[in-house]
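Have the structure open beside you as you read. We will walk through it one part at a time.

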Amino acid sequence: MVTIRSVHLPQRPSFVDWLAGLSVSDETRGKLASISEQPEQLLTGQEMVEILHELNMDDETLQAALVFPYCEMHMLNQEDVAAEFGTSIAELVEGVRRMDAIKALHARHQHDEQQVDNIRKMLISMVADVRAVVIKMAERICTLQQVKDADEETRVLVARECTAIYAPLANRLGIGQLKWELEDLAFRYLHPKRYMEIAHWLDEKRADRQGYINEFVAGLTQRLADQNVQAHVFGRPKHIFSIFKKMQKKQLTFEQLYDIRAVRIIAATLQDCYAVLGEVHATWQHIPKEFDDYIATPKPNGYQSIHTVIKGPEGRTIEIQIRTQTMHDDAELGVAAHWKYKEEHTAKLSAAEERINWLRKILAWQEEVAESGDIVEEFRSQVFDDRVYVFTPTGDVIDLPVGATPLDFAYYIHSNVGHRCIGAKVDNRIVPFTYQLNSGDQIEILTGKQMNPSRDWMHPGLGYVHSSRARAKIHTYFKKLDKDQHFAAGKELLERELSKLQLHIKDVVKAVEKFNMKTADDLIAAVGAGDVRVMTLVRFLQQLLHPEPDTPIVPSRPKRTKKTSSNTIEVEGVGHLLSQLATCCQPLPGEPILGYITQGRGVSVHKVQCNQLAHLLTMHPEREIEVNWAGELDMGFAAEIMVKCQDRTGILKDISTLLSNDKIPVLGIQSNSDTTQHTCEIVLTVEVKDLNRLMLLLTKLRKIRSVTDAYKRQH
């Protein structure tokens with residue numbers, strides 16, 4: 001449904017009469033009258049003012065809307081506007097002008113979901129004043145009206161831009177008036193045959209439908225009056241694009257749609273809304289699956305109303321919407337409904353200010369209706385207070401964290417671009433590597449022939465890079481570059497420690513698979529780089545090659561390990577994935593855990609406080625992944641318990657009796673006595689179900705006579 005305004009009429013009013021018809025202040029009327037000596041050139045501005053006036057926008061917005069076309073025609077510049085109308089008007093006009101930069105981007109990326117999404121987010125982050133967004137949407141409606149006689153390509157490009165960007169923005173602002181008009185006008189150009197077909201159906205049945213609705217409205221009005229319920233009942237206008245989307249979504253014919261006949265009821269109070277609903281449902285049969293209470297549960301954009309469908313007289317279906325006047329204003333005008341109210345009652349503006357603040361932070365929320373556009377079916381939730389959106393030289397939009405530098409940008413494009421970066425330009429001027437990017441900046445990276453990154457780039461205090469992604473790529477570069485140095489350092493460390501245990505450096509090959517390496521040289525280099533702790537590798541080789549008789553080795557239990565890998569851990573966003581519990585910290589169900597992506601052996605699962613994990617993530621932060629314990633786990637987990645006690649006869653028997661009575665499987669026992677201090681340390685390897693069972697066992701162990709402490713052993 002397209003609104004016909006005064007500027008479209010054959011006998012449109014003069015500019016003076018048009019101004020007199022606006023309910024604005026005398027000061028604003030005077031400023032509008034002084035904008036031009038030739039007001040007939042301002043038809044676009046006049047239509048924009050009419051659109052915004054219907055939305056109750058404030059006087060500054062109306063002035064900016066009338067001035068904007070002059071700025072577009074280069075008849076006024078920003079300095080002229082600031083001098084004649086004030087800084088606030090000039091900033092509003094500039095905000096609208098900057099939004100126009102997305103036109104070329106959308107033409108290039110109209111089928112690229114990620115790019116369109118980034119453009120949408122950039123729009124809101126670039127525009128500080130939400131009124132500029134509303135002005136821009138009014139200007140787009142005027143443009144859609146003006147291109148009706150243009151060539152098909154022009155019409156389609158403008159229509160796609162409005163469908164993909166501006167109609168969804170109108171919906172997020174809650175401005176139903178603009179949303180429906182943008183969608184209907186765009187639909188007329190994108191699907192002209194379907195548009196005319198539906199418009200014809202509406203016209204064909206209009207008289208019969210209007211007569212039926214009039215009778216229904218009169219009857220319902222009388223019933224409500226008899227029940228002393230204050231409400232205004234009237235027929236609701238139909239929107240062609242909405243009808244088309246519902247026919248598509250539900251695979252229905254025009255006559256099968258429930259809301260071809262529609263009524264809206266504006267009740268005096270919230271209580272009256274539910275009184276109206278009760279009267280309607282008591283009088284006519286309603287269709288349960290078509291009932292929605294958006295008053296109790298508002299839509300993400302704040303929309304509130306009760307929707308129900310009944311079988312009215314003659315069995316014809318009627319859609320009924322019930323709301324208060326305030327809810328109706330919010331649904332039709334959105335944030336715009338609060339601007340005049342703001343001037344007179346600033347103390348009561350918290351709701352409007354919250355919604356405006358919300359708009360700046362969030363572009364889309366949860367289940368945004370797919371009818372907002374053809375290109376992207378739904379919007380993703382994006383909080384972007386901590387993001388900046390910058391351009392490549394070709395116009396692509398790149399999403400980076402706040403604080404990002406040209407080097408972060410370079411490494412986002414490609415590792416080799418970052419490694420060969422020798423300088424950067426922002427908006428055609430040279431900037432230092434530590435320059436912090438702003439939304440809207442256009443970045444050009446200057447590169448050399450050779451890769452030559454600096455180690456200083458990794459230093460967090462120098463401010464060269466901000467993102468962990470860039471820092472990880474630089475670290476990987478130097479890690480590969482220094483492999484020979486790391487190998488020499490690792491070999492020296494290992495030879496010194498292995499010689500103490502009568503082991504040889506060639507034995508390292510037996511640990512390659514255990515540490516997820518391809519060759520023994522890689523493992524030795526990893527020791528030198530600090531990725532693998534030297535004593536961890538040495539202890540593994542010692543246990544593997546020379547196990548001590550009194551130090552039992554825990555059997556591997558292949559069946560349990562296999563079950564543990566597939567059934568106990570759920571990788572965030574993936575579900576069950578190849579995983580293994582880290583031996584360094586031996587996490588148990590119930591303990592907070594974190595995953596580390598290994599090379600070739602899936603996800604290694606550690607306790608959050610694990611020192612080995614902290615070391616690994618320092619070297620490879622990009623390998624961190626969220627993991628969770630699965631639901632019910634009917635299996636056991638190995639845990640090492642350190643028991644410290646006074647060395648007395650029978651202490652081991654008391655411990656064994658406790659384990660036996662509690663039916664705790666014992667996988668291994670190792671003891672070490674200090675005869676000078678008369679103390680003893682006993683390491684128990686037991687099998688427990690989860691952390692709670694372990695904590696209960698530790699409590700019982702501490703109660704045994706002569707036991708001074710018992711705790712889970714950490715490696």
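Helix α19, residues 406–413, lies across β9, β10 and β11, and it runs at about 80 degrees to β11. Keep in mind as you look that this is a predicted model.

What do those strands form together? They make an open sheet of three strands in the order β10-β9-β11, with antiparallel pairing. β10 (429–431) and β11 (443–447) stand at the edges with a single partner strand each, so one side of each has no neighbour in the sheet. On average, neighbouring strands here are turned by 40 degrees against each other, direction ignored. Now follow strand β9, residues 421–426: five bridges link β9 to β11 in the antiparallel sense. Across this pairing, Lys425 stands opposite Glu444 in β11.

In soluble globular proteins, nonpolar side chains tend to be buried together. The largest nonpolar core in this model has 58 residues, and Leu52, Val134, Met137, Leu178 and Leu182 are those with the most contacts inside it. Several helices supply at least two residues each, including α3 (43–54), α10 (152–172) and α11 (176–190). Which helix gives the most to this core? That is α9, with 10 residues.

Leaving aside neighbours within four places in sequence, Met137 is in contact with Tyr166, Leu169, Ala170, Leu173, Ile175, Leu178 and Leu182. A second, separate core has 30 residues, among them Val627, Ile682, Leu698 and Ala710.

Finally, find helix α23, residues 520–529, whose buried residues are Asp522, Leu523, Ile524, Ala525, Ala526 and Val527. Their cover includes α22 (483–499) and α24 (534–545).

Note on methods
Residues are numbered from 1 along each chain as its sequence is written. This is a predicted model: local features need pLDDT of at least 70, side-chain atom pairs count only at pLDDT 80 or more; totals for chains, interfaces and linings use all residues. Side-chain values use heavy atoms; hydrogens and water are left out. A nonpolar core is a set of buried Ala, Val, Leu, Ile, Met, Phe, Trp, Tyr and Cys residues joined through side-chain atoms within 4.5 Å. Buried means under 20% relative accessible area, exposed over 50%, partly exposed in between (1.4 Å probe, protein chains only). Helices (H or I, at least four residues) and strands (E, at least two) are DSSP runs, numbered from the N terminus. Contact means heavy atoms within 4.5 Å. Two strands pair if DSSP finds at least two bridges between them. Axes are lines fitted to C-alpha atoms, for helices over the stretch in contact, and angles run from 0 to 180 degrees between N-to-C directions.
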